[in-house]
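Colleague: I'm new to this one. Can you walk me through it? I'll ask as I go.

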Amino acid sequence: SQNGNRGYAAANWLVSEGFETVYHLKGGLNSWHGFQAHGHIDLNLTILPPNASFFDALQMAIALEENLKQLYIDLAKYCTEEKVLAAVNRLIKFEDYHKAHLMSQYEISDENQLKLDEFKNKYGDNLEGGGELEGTKKFFSKMIQKPEDILKIGIALEAQALDFYSRLAQRSTIDKNKQLFTNMMKEELIYLEYVSRELDKYLTSTGNH
């Protein structure tokens, strides 16, 4: 929220759901001076109706994980520091792990079973926080001035993903989908915490913290 009231309520809800590490931005969005996520708040929520089948929900989740992986692969090309490149490469591996974990958890042995090509033909290369892959690549490439900017972009992307799955979980009317999206939220929070730590470590090592 703009002033932080809804963010405080959301933080309390996450704690009540068992999240152990939760951050609340004092003062809300008005006090944030870092990179900003882009896209309207409802962008991409129309991909999945509230009463969508579980297959459709899983198909969407895995397709979006693959798209985010491709965005990280593109960002890796801009890495001029080994420490930053190592962090981005780990984020790429996180996306692979997340997809593989989802598939094994729900007994999907081959991505072809999910008909991802059909999904992409219908919706394009969408990303969790809104927008599509090629446009977002260009948007972020213009923002990279220093090595740490890539990690700041990673924070924005993971925060977008966390918010996206949070809103999907809230609006879904299918219990199995709610659980899927809640689990996705937990994974995205882990990734967000990771890239935040890597940014702190990098800034400390360069004396910019």
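Colleague: First thing: are H2 and H6 roughly parallel or antiparallel to each other?

Modeller: Roughly antiparallel. This is a predicted model, and in it the axes of H2, residues 54-76, and H6, residues 147-171, cross at roughly 170°. Over 145 counts as roughly antiparallel, so that is the label the pair gets. The two axes come within 11 Å.

Colleague: Which residues of H2 and H6 make the contact?

Modeller: From H2, they are Met60, Ala61, Leu64, Glu65, Leu68, Leu71, Tyr72 and Leu75. From H6, they are Ile150, Ile153, Gly154, Leu157, Glu158, Phe164, Tyr165 and Leu168.

Colleague: And by class, what does the contact of H2 with H6 have?

Modeller: It has 13 nonpolar residues, 1 polar and 2 charged.

Colleague: Why do positions three or four places apart in a helix point the same way?

Modeller: An α-helix has 3.6 residues a turn, so residues with that spacing point the same way.

Colleague: Back up a bit. How many helices and strands does the chain have?

Modeller: There are 7 helices and 0 strands. Along the sequence the pattern reads α-α-α-α-α-α-α.

Colleague: What share of the residues is buried?

Modeller: 46% of the 209 residues count as buried.

Colleague: What about contacts between residues 24 or more positions apart?

Modeller: Take the contacts with a separation of 6 or more. Residues 24 or more positions apart account for 78% of them.

Colleague: What pLDDT does the chain average?

Modeller: The average is 83. A score of at least 70 is reached by 82% of the residues.

Colleague: Where is it below 50?

Modeller: Over residues 38-43. That stretch has 9 contacts in the model beyond near neighbours in sequence.

Colleague: Back to H2. Is it mostly covered or uncovered?

Modeller: Mostly covered. Of its 23 residues, 19 are buried.

Colleague: What should H2 span, and how far apart are its end C-alpha atoms?

Modeller: At 1.5 Å a residue, its 23 residues should span 33 Å. The end C-alpha atoms are 33 Å apart, so the two agree.

Colleague: How do H2 and H4 sit, roughly parallel or perpendicular to each other?

Modeller: Roughly perpendicular. Their axes cross at roughly 80° and come within 10 Å. The range 65 to 115 counts as roughly perpendicular, so this pair falls under that label.

Colleague: Which residues make that contact between H2 and H4?

Modeller: On H2, look at Gln59, Met60, Ile62, Ala63, Glu66 and Asn67. On H4, look at Leu116, Phe119 and Lys120. By class, the contact has 5 nonpolar, 2 polar and 2 charged residues.

Colleague: New topic. Is Lys137 buried or exposed?

Modeller: Buried. Its relative accessibility is 18%, and buried means under 20%.

Colleague: Where is Lys137, then?

Modeller: In helix H5, residues 133-141.

Colleague: Leaving aside neighbours within four places in sequence, what is Lys137 in contact with?

Modeller: Gln70, Leu71 and Asp74. Leu71 is also one of the H2 residues in the contact with H6.

Colleague: Which residues should I check for positive phi?

Modeller: Glu107 is one of them, with phi near 55°, and it is a residue other than glycine. Lys115 also has a positive phi, about 55°, although it is not a glycine.

Colleague: Where do Glu107 and Lys115 lie?

Modeller: Glu107 is in the loop between H3, residues 82-105, and H4, residues 116-123. Lys115 lies in the loop between H3 and H4 too.

Colleague: Is Glu107 buried or exposed?

Modeller: Exposed, at 71% relative accessibility. Lys115 is partly exposed, at 44% relative accessible area.

Colleague: Last stop. Where does Pro50 lie?

Modeller: In the loop between H1, residues 5-16, and H2. Pro50 is partly exposed, at 30% relative accessible area.

Colleague: What does Pro50 touch, not counting residues up to four places away in sequence?

Modeller: Arg171, Ser172, Thr173 and Ile174. Pro50 and Leu168 are 7.8 Å apart in space, C-alpha to C-alpha, and 118 residues apart in sequence.

Colleague: And Arg171, where is that found?

Modeller: In helix H6. Arg171 counts as partly exposed, at 31% relative accessibility.

Conventions:
Residues numbered from 1 in each chain as written. Predicted model: local features only at pLDDT ≥ 70, side-chain atom pairs only at ≥ 80, totals over all residues. Heavy atoms only, no water. Axes fitted to C-alpha atoms, helices over the stretch in contact; angles between N-to-C directions. Helix = DSSP H or I, 4+ residues; strand = E, 2+ residues; numbered from the N terminus. Parallel < 35°, antiparallel > 145°, perpendicular 65-115°, else oblique. Contact = heavy atoms within 4.5 Å. Nonpolar A, V, L, I, M, F, W, Y, C, P; charged D, E, K, R; others polar. pLDDT = per-residue confidence, 0-100. Buried < 20%, exposed > 50% of the residue type's maximum accessible area, 1.4 Å probe, protein only. Expected span 1.5 Å × (residues − 1).
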